[in-house]
Amino acid sequence: MKVELLELEGDRIRFLLSGATMAFANGIRRVCMAEVPCLAIDEIALYDNTSVLFDEQIALRIGLVPLKAENLDTFARPEDCECGGQGCPGCRVDFILSVEGPGMVYSRDIHFTDPGVTAAFDNIPLVVLGEGEKLVIEGFATKRIGSDHAKWNSGTLCGYKSLPSIEISGACNGCGKCVKECPRQALIQDEGGRAKATNTLNCSLCKLCIEVCEAGAVKIIPILDSFVMTAESSGEMPAKELVASASQEIRKRAVEFEAKLAELS
Amino acid sequence: MAYRCTRCKKTVEVDYEYSGIRCPYCGHRILMKERPTTVKRLKAV
Amino acid sequence: MIPVRCFSCGKVIANVWEEYRERIKTEPPGKVLDDLGVDKCCCRRMLLSHVEIVDILRRYQ
């Protein structure tokens with residue numbers, strides 16, 4: 001198996017995975033989307049809310065704020081924690097949000113007791129407060145995975161496609177129709193006027209070039225063991241870390257599965 | 001349960017025995033329920 | 001209030017809302033969205049189609 005980095009830009013990554021099965025690529029995609037653990041606010045206690053928004057609305061909005069943690073590995077998931085899900089500093093981060101109007105309450109106003117934990121974006125508008133209105137909330141964040149609730153989704157856009165191979169046979173008459181038709185500019189005309197594949201990575205396998213080619217010279221074959229994978233994180237962690245922890249998660253599960261199988265035999 | 005009269009802004013105890021809702025101070029018929037002082041616990045979902 | 005995340009994909013979009021709201025007064029919205037890095041159609045519709053009514057309604061609290 002080979003991994004080649006194509007693009008890395010903060011919370012977005014694109015890489016070429018070759019020598020793997022489609023099932024494996026899909027596994028990485030699924031884990032990136034819903035199985036990478038991260039922090040999110042789980043439960044709140046409202047002491048005062050005189051704002052225009054309902055308590056439940058505020059609870060939802062606060063829950064959806066992505067949280068960055070420098071020391072994410074030190075937290076345990078509540079069900080795996082030593083406290084047995086009761087709640088302890090090992091699986092919880094407490095926060096307090098206390099604002100008096102007028103003005104907008106932003107995600108940066110959430111103060112955590114752990115200095116390593118902060119909101120990933122500091123300018124998410126949460127509630128608007130009028131003159132004399134008050135909001136006092138206390139609560140805690142826990143570490144869980146996206147399949148528990150969408151607010152723990154670490155990856156937003158994760159997908160893959162087979163790497164295409166574009167072949168132009170000798171029948172090409174140099175009409176240039178396929179070059180014009182391609183929406184992703186994956187084909188150009190060479191000096192002789194014949195079509196030539198340039199950036200095959202961009203090809204979306206739409207096969208418009210095959211349809212438009214009267215000579216039937218274009219052939220697109222997906223390379224079945226190579227995948228162009230894209231992953232975008234929702235802000236809790238850089239995309240690089242997202243894919244890394246996704247593969248760790250797969251490994252962890254494989255080890256667990258192996259142990260279970262050994263128990264059976 | 002505490003209510004608040006919308007006209008005279010006084011806190012009013014409603015007598016459930018008496019048929020009909022009415023502010024004992026000013027006779028206004030519109031009362032608002034106050035937010036309970038207890039802490040409200042919610043799941044952030 | 002602007003939703004915190006995109007309904008479809010879950011990307012956080014509320015963090016660009018205030019800048020977006022200021023900039024569309026002078027610039028075309030499509031360009032602003034490209035500039036802010038909101039490039040998926042699901043996230044774009046969240047900002048494009050949002051009508052902020054909280055400022056109007058809170059007067060009647």
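A residue is called buried if 20 or more other C-beta atoms lie within 10 Å of its own, exposed if 12 or fewer do, and partly exposed in between. With that in hand, select A:Leu205, which is partly exposed because 14 other C-beta atoms lie within 10 Å. Keep in mind throughout that this is a predicted model.

A:Leu205 lies in the loop between S13 and helix H4 (208-212) of chain A, and its phi is near 55 degrees, a positive value in a residue other than glycine. Most residues other than glycine have a negative phi. Is A:Lys207 buried, exposed or partly exposed? With 13 other C-beta atoms within 10 Å, A:Lys207 is partly exposed.

**A glycine in another loop**

Select A:Gly192 next, in the loop between strand S12 (187-189) and strand S13 (195-197) of chain A. A:Gly192 counts as exposed, because it has 8 C-beta neighbours inside 10 Å. If you also mark A:Cys91 and draw a line between the two C-alpha atoms, the line spans 66 Å, while in sequence A:Gly192 and A:Cys91 are 101 residues apart.

**Chain A as a whole**

Along the principal axes, its C-alpha atoms fill a box of roughly 75 × 60 × 25 Å. Of the 265 residues in chain A, 35% count as buried, and among contacts with a separation of 6 or more, 67% are between residues 24 or more positions apart.

**The open sheet and its helices**

Colour S1, S2, S14 and S11 of chain A, which form an open sheet in the order S1-S2-S14-S11 with antiparallel pairing. Strand S1 (2-9) and strand S11 (155-168) of chain A stand at the edges with a single partner strand each, so one side of each is left without a neighbour in the sheet. From one strand to the next, the twist averages 25 degrees.

To look at one pairing in detail, follow S11(A) alongside strand S14 (residues 218-233) of chain A: the two run antiparallel and are joined by 13 bridges. Which residue of S14(A) is the bridge partner of A:Gly159? That partner is A:Thr230.

Now show helix H1 (residues 22-34) of chain A, which packs on the sheet and touches strand S2 (12-18), S11 and S14 of chain A, its direction making about 155 degrees with that of S11(A). Helix H5 (residues 239-264) of chain A also packs on the sheet, touching S1, S2, S11 and S14 of chain A, and its direction makes about 105 degrees with that of S14(A).

**Where chain B joins**

Turn to chain B, where the contact takes 7 residues from chain B and 15 residues from chain A. The side of chain B that touches chain A has 4 nonpolar, no polar and 3 charged residues. Strand S3 (residues 38-49) of chain A and strand S4 (residues 40-43) of chain B pair here in the antiparallel sense over 4 bridges, with A:Leu46 standing opposite B:Lys40 in S4(B).

Stay in this area and select helix H2 (residues 55-63) of chain A, whose buried residues are A:Ile58, A:Ala59, A:Arg61, A:Ile62 and A:Gly63. Their cover includes S3 and strand S9 (125-129) of chain A, together with S4 of chain B.

**Where chain C joins**

Of the 2 pairs of chains that touch, chains A and C have the most contacts, and their contact takes 17 residues from chain C and 18 residues from chain A. Helix H1 (17-23) and helix H4 (54-57) of chain C each supply at least two residues of the side that touches chain A, and that side divides into 9 nonpolar, 3 polar and 5 charged residues. No contact joins chain B and chain C, whose closest C-alpha atoms lie 13 Å apart.

**Confidence**

Finally, colour chain C by pLDDT: its mean is 91, and 98% of its residues reach 70 or more. Confidence in chain C is lowest in H4(C), at a mean of 86, and highest in helix H3 (residues 41-48) of chain C, at 94. For the complex, the predictor gives an ipTM of 0.90 and a pTM of 0.85.

Terms used
Residues are numbered from 1 along each chain as its sequence is written. Chains are lettered from A and ligands numbered from 1 in the order in which they are written. This is a predicted model: local features need pLDDT of at least 70, side-chain atom pairs count only at pLDDT 80 or more; totals for chains, interfaces and linings use all residues. Ala, Val, Leu, Ile, Met, Phe, Trp, Tyr, Cys and Pro count as nonpolar, Asp, Glu, Lys and Arg as charged, and the others, Gly among them, as polar. Two strands pair if DSSP finds at least two bridges between them. Axes are lines fitted to C-alpha atoms, for helices over the stretch in contact, and angles run from 0 to 180 degrees between N-to-C directions. pLDDT is the predictor's confidence in each residue, from 0 to 100.
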